[in-house]
Amino acid sequence: MLDDAVQRGATVLAGGEVDVPQCYVAPTLIEGVPKDAALLQEEIFGPIFPVIDYTDLDEVIEQINRQPKPLALYLWTKDTARVHHVLAHTSSGGACVNHCIVHVAHTGLPFGGVNNSGVGSCHGHHGFKAFSHERSVLQGGWLNSIRVFFPPYTAARHRLIRFISDRLA
């Protein structure tokens with residue numbers, strides 16, 4: 001993705017070193033990435049951060065919403081109203097304001113995607129709930145074997161079921 005962006009005219013501001021045999025990508029800032037470059041079309045699972053200039057925040061929100069929902073949305077701003085506006089008008093697996101690594105590293109918060117970016121959240125209780133299956137098991141007893149619970153449901157049976165249900169509630 002990095003090579004594709006550079007070949008399309010993007011400029012590496014910092015980092016950019018890649019060592020494939022060592023599975024290493026240096027933390028990289030890149031700007032001027034064309035909208036159709038893979039870097040802006042795919043989820044980036046690496047320390048590559050495209051810097052995107054804008055003049056109209058609502059256009060950025062529209063661009064985000066035209067794409068599949070991202071795993072994470074990172075926003076850098078000191079303007080609280082802007083944060084609320086972006087979060088209210090976008091959807092993502094998670095969001096992080098003025099940071100990025102803490103988002104995945106914080107084990108007390110759920111981390112995961114939605115729609116195309118994944119299903120379920122990992123970390124702590126959230127991960128346990130997402131990746132476990134709660135199975136309900138009902139064991140029949142004498143009450144379940146009473147014929148009143150089985151068809152045909154006559155008017156008399158309806159009255160009796162209602163009577164029993166009201167007493168059990």
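Leaving aside neighbours within four places in sequence, with which residues is Val33 in contact? Val33 touches Ala5, Ala10, Leu39, Leu40 and Pro50, where contact means heavy atoms within 4.5 Å. Apart from the core that Val33 belongs to lies another, of 6 residues, including Ile61, Leu73, Leu75 and Val86. The core with Val33 is the largest nonpolar core, and its 8 residues also include Leu2, Ile30, Ala37 and Ile48. A nonpolar core is a set of buried Ala, Val, Leu, Ile, Met, Phe, Trp, Tyr and Cys residues joined through side-chain atoms within 4.5 Å; buried means under 20% relative accessible area, exposed over 50% and partly exposed in between, with a 1.4 Å probe and protein chains only.

The model is predicted: local features need pLDDT of at least 70 and side-chain atom pairs 80 or more, while totals for chains, interfaces and linings use all residues. Residues are numbered from 1 along each chain as its sequence is written, and side-chain values use heavy atoms, without hydrogens and water.

There is 1 aromatic pair, a term for rings of Phe, Tyr and Trp (its six-membered ring) with centres within 6.5 Å. The rings of Tyr74 and Trp76 have centres 6.3 Å apart and planes at 50°, so this pair is tilted, as planes under 30 degrees apart count as stacked, over 60 as edge-to-face and the rest as tilted. Tyr74 is partly exposed, because its relative accessibility is 31%.

The C-alpha trace spans about 80 × 40 × 30 Å along its principal axes.
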